[in-house]
Amino acid sequence: MGQGFESPLRLGVRRLRFAIRVARRDPRLLIDYLRLWIGARGAAPADPGWAEMDADASLAELAHSLVRERRPATVIETGVARGITSERVLRALEENGFGELHSIDLPPPRMVDGGLVGSAVPDELKKRWHYHWGSAKRLLPDVLAGSTGPRLFIHDSDHSYEHMRWEIETAWAALEPGDVLLCDDAHFHSAFADAAAAVGAEPRFVPQAGGLTGMLVR
């Protein structure tokens, strides 16, 4: 059997233990996970392999280049996994000697339990890192409102049409002239293009391995 296979009973027990843990930490976080699990009902019960969750290296390198070039005061990303993009952004901020990264993330329980979240980020780069554990729907508006420009926003969380479009339009409304928005896997469906049309922005596409990264400039 594949490494991700897990019986429904074992999955239920593991999720119950995890739910108790996060409820003790923050009841709002438990609600985030319950909504995620209810929304995923009917999907395969296995968590994906960790490598499958990592950002494409080309997205990470593009983010690094943009941070070096534009010197943002704030970078906001949704989705972390092992932190491939986070590491490149934080390294660029360190090279700039300026700026901070805010990461919003709702990782799979097994990734949390295994201590793998952000494991690609070395300790020496974490001083500029603010990790926000929870759903983007709950946390993103406040993180955007509390941020200072110039900004770079990176979408790499839930890739469903509805959520991708919501993130892009929500971020765009908070960004200011000169700020940049990146969208991982913009080729999955039309959410990126539709959101760009809705806000009157010109969509740009950057090739990545097996797909496209979308980019908007405010």
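**Surface, cores and packing in a predicted chain**

The chain exposes about 10700 Å², and carbon and sulfur atoms supply 54% of that area. The model is a predicted one, so everything below is a description of computed coordinates. Of the 218 residues of the chain, 48% count as buried. The secondary structure comes to nine helices and seven strands. With a radius of gyration of 17 Å, close to the 17 Å that the globule rule gives for 218 residues, the chain is as compact as a globular protein of that length. Taken along the principal axes, the box filled by the C-alpha atoms is roughly 50 × 40 × 30 Å.

Now for the inside. The largest nonpolar core has 22 residues, and the members that touch the most others are L140, I168, L181, C183, F192 and L216. Two or more residues of this core come from each of α7, α8, β5 and α9, and α7 gives the largest share, with five residues. L181 shows what such a place looks like from close up: leaving aside neighbours within four places in sequence, L181 is in contact with F153, I168, A171, W172, L175, F192, G214, M215 and L216. Apart from this core lies another, of 21 residues, with L62, L66, L101 and W129 among them.

Helix α8 has 14 residues and reaches 20 Å from its first C-alpha to its last, close to the 20 Å expected at 1.5 Å a residue. Its buried residues are H163, M164, E167, I168, T170, A171 and W172. What covers these buried residues includes β1, α7, β4, β5, α9 and β7.

Helix α9, at residues 191-199, has A191, F192, A195 and A196 buried. Seen down the axis of α9, these buried residues fall within an arc of 130°, so they line one face of the helix. The general rule behind such a pattern is that an α-helix has 3.6 residues a turn, so residues three or four places apart point the same way. The buried residues of α9 pack against α8, β5, β6 and β7.

V143 sits in helix α7 and, at 11% relative accessibility, counts as buried because the cut-off is under 20%. Beyond the neighbours within four places in sequence, V143 is in contact with I76, H102, I104 and H132. D113 is another story: V143 and D113 are 30 residues apart in sequence and 26 Å apart in space, C-alpha to C-alpha.

T85 belongs to helix α5, residues 84-96, and is buried too, at 5% relative accessibility. Not counting residues up to four places away in sequence, T85 touches A55, L59, A60, A63, E77 and I154.

M215 lies in strand β7 and counts as buried at 13% relative accessibility. Its contacts, with neighbours within four places in sequence left aside, are L66, V180, L181, L182, F192, E202, P203 and R204. Between the C-alpha atoms of M215 and W37, which are 178 residues apart along the chain, the separation is 30 Å.

Finally, some backbone details stand in the loops. A cis peptide bond, with omega about -5°, joins G149 and P150; P150 is found in the loop between α7 and β4. R71, in the loop between α4 and β1, has a phi near 50°, a positive value in a residue other than glycine. D185, in the loop between β5 and α9, also has a positive phi, near 55°, and is likewise a residue other than glycine. As for cover, R71 is partly exposed, with a relative accessible area of 39%, whereas D185 is buried, with a relative accessible area of 14%.

Note on methods: Residues are numbered from 1 along each chain as its sequence is written. This is a predicted model: local features need pLDDT of at least 70, side-chain atom pairs count only at pLDDT 80 or more; totals for chains, interfaces and linings use all residues. Side-chain values use heavy atoms; hydrogens and water are left out. Buried means under 20% relative accessible area, exposed over 50%, partly exposed in between (1.4 Å probe, protein chains only). Helices (H or I, at least four residues) and strands (E, at least two) are DSSP runs, numbered from the N terminus. The arc is that of the directions from the helix axis to the C-beta atoms. Contact means heavy atoms within 4.5 Å. The expected span of a helix is 1.5 Å times one less than its number of residues. A nonpolar core is a set of buried Ala, Val, Leu, Ile, Met, Phe, Trp, Tyr and Cys residues joined through side-chain atoms within 4.5 Å. The radius of gyration is taken over C-alpha atoms; the globule rule is 2.2 Å times the number of residues to the power 0.38. Accessible areas come from the Shrake-Rupley method with a 1.4 Å probe; for residues, only the protein chains shown count as cover.
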